[in-house]
Amino acid sequence: MIFRRFYNDGLAQASYMIGCQQTGEAIIVDANRELRQYLDAAAAEKLRITHVTETHIHADFISGSRELARLVGANLLLSDEGDEDWKYAFAQSDGATLLCDGDHFMVGNIRFDVMHSPGHTPEHLTFLVSDTTAAAGPWGLLTGDFVFVGDVGRPDLLEKAAGKAGTMEAGARDLFASLERFRSLPDHLQIWPGHGAGSACGKALGAVPSSTVGYERIANWGVGTLDEAQFVGMVLEGQPEPPRYFAHMKKVNRDGPGDGGEGSTTRRLPAEELDELLAHNATVVDVRPANAFAAEHIPGTLNVPLGSSFTTWAGSLLPYDRDLYLLVDSECDNCEAIALQNLSLIGLDRVAGTFDSGVLAEWRDRGRPLGSIKQCDVADVGRVIGQSDVVVVDVRKRSEWSAGHLPGESIRNIPLQELSQRLGELPAGKRIVVHCQGGGRAAIAASLLTANGFPDVCNLSGGFGAWQKSGNDVAHGLMSGRSETVHKFL
């Protein structure tokens with residue numbers, strides 16, 4: 001048996017190739033849209049991709065299963081479990097093989113036994129893998145978003161992301177029943193989950209790639225909680241707000257993702273086109289680092305830095321129903337390709353053109369003012385909290401806010417992913433201090449606010465973490481005095 005794990009850091013997502021050396025057949029499980037990696041891996045091992053499947057209808061990326069199966073002529077296998085609202089709408093038209101609990105199929109000499117494991121989603125499957133040539137019984141489990149290393153899949157996404165009301169508690173009870181079945185499996189079985197640390201599909205996923213049933217029985221809070229009522233309360237408590245784009249992904253993957261995205265290229269646009277685009281309120285996304293954007297940027301552009309959280313914030317803040325334009329660092333050889341690939345993974349395919357960072361110099365040379373994001377420190381913010389013309393916007397998650405926040409009635413919690421929809425809640429004409437935990441989310445928020453016409457925006461350097469380290473009381477304390485570097489904003 002040949003086993004290969006593929007991991008996308010931006011999505012914190014794992015997919016797998018399992019092949020039979022004797023027959024040359026292989027299966028890809030939970031493919032994303034970056035298909036070349038699977039084709040190259042199969043070719044390197046002299047395997048043919050004959051089967052493609054996935055554990056469930058994904059919410060955090062566009063599935064590549066349908067496109068891959070079409071491309072290589074593989075047998076597409078899909079879950080037929082769950083209710084009618086969340087079955088694969090394209091299964092019949094694509095000639096897919098439908099899978100139910102207790103089914104099994106072969107890929108060469110590798111046997112896959114199908115376990116229905118609802119909870120995270122109603123249709124979720126887990127695959128029990130056995131190399132029949134070894135005659136040693138099952139080897140491991142591909143658990144998808146059912147059991148992670150150190151955590152279990154969240155059962156609230158259908159309600160919070162897809163809008164299916166009243167499903168959270170029922171999903172939690174289904175998940176508990178699925179875990180009872182999991183606990184009955186042999187301790188030695190390896191588990192290979194669909195996500196790692198950083199994914200929004202659970203609360204506290206481990207960073208190591210795999211584990212065993214026996215270890216998770218000991219170390220995983222979800223597997224180890226044996227009282228159903230206690231489990232339901234614990235699994236639903238403290239779940240982070242799902243990224244806003246999850247609802248769109250879920251429906252696309254259910255109804256039938258289209259082809260495309262991989263290796264996308266787009267037209268490099270001349271600087272003079274930027275004026276007209278911005279005049280017509282086009283979405284122009286500057287993917288340079290936050291500090292470069294803060295120092296100088298084209299007014300009206302939005303900064304979503306190309307980094308580990310790029311897909312999360314791009315999916316949450318950018319529109320799916322109209323064209324996008326990118327502004328990339330001209331000194332970064334592959335930033336444009338990386339940005340296009342990452343956008344494709346979450347279905348943001350409408351990138352109509354790109355600009356390089358040379359447009360900033362051309363903008364300046366034409367006598368046009370560049371924008372900047374003001375930075376303020378803890379002392380400065382402490383001095384102005386409570387002033388009638390200042391509003392402090394905390395863009396952290398609600399759970400972070402509940403654990404502690406800056407004092408004062410002027411402090412507002414608007415999570416970053418909701419900010420674009422809630423701009424009307426912010427009073428015009430007031431100065432705005434924006435912060436998160438460490439600064440990354442606040443930098444994006446500050447760019448969104450300035451792009452939407454808020455003229456006096458300041459980013460608290462170091463965020464709430466810096467406020468705590470300074471010794472300020474998060475309930476009552478205000479800093480007295482002021483910094484030696486007093487910004488014009490203050």
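Is Arg322 buried, partly exposed or exposed? In this predicted model, local features require pLDDT of at least 70 and side-chain atom pairs count only at pLDDT 80 or more, whereas totals for chains, interfaces and linings use all residues. Residues are numbered from 1 along each chain as its sequence is written, and side-chain values use heavy atoms, with hydrogens and water left out.

Arg322 has a relative accessibility of 39% and therefore counts as partly exposed; buried denotes under 20% relative accessible area, exposed over 50%, and partly exposed the range in between (1.4 Å probe, protein chains only). The residue lies in the loop between α11 (310-317) and β15 (324-328); helices (H or I, at least four residues) and strands (E, at least two) are DSSP runs numbered from the N terminus. When residues up to four places away in sequence are not counted, Arg322 touches Asn281, Ala282, Thr283 and Arg350, a contact being heavy atoms within 4.5 Å. The side chains of Arg322 and Thr283 are joined by a polar contact of 3.1 Å, and the side chain of Arg322 also reaches the backbone oxygen of Asn281 at 3.5 Å. A polar contact is a pair of N or O atoms within 3.5 Å; within protein, one must be able to donate a hydrogen and the other to accept it, and residues adjacent in sequence count only if both atoms are side-chain atoms.

Strand β15 pairs with strand β16 (residues 351-356) in the parallel sense over 5 bridges, where pairing requires at least two DSSP bridges between the strands. Between β15 and β16 the chain passes through helix α12 (residues 335-345), giving a right-handed β-α-β crossover; right-handed here means that, with the strands pointing away from the viewer, the path from the first strand over the helix to the second runs clockwise. Leu326 has Thr354 of β16 as its bridge partner.

The structure holds 2 disulfides, each defined as a pair of cysteine sulfur atoms within 2.5 Å. In the disulfide of Cys332 and Cys335, the sulfur atoms are 2.0 Å apart. Cys332 is partly exposed at 23% relative accessibility, while Cys335 is buried at 16%. The sulfur atoms of Cys376 and Cys458 are 2.2 Å apart in their disulfide. Cys376 lies in strand β17 (residues 374-376) and Cys458 in strand β21 (residues 457-460), so this pair ties together parts 82 residues apart in sequence. Cys376 is buried, with a relative accessible area of 1%, and Cys458 is likewise buried, at 0%.
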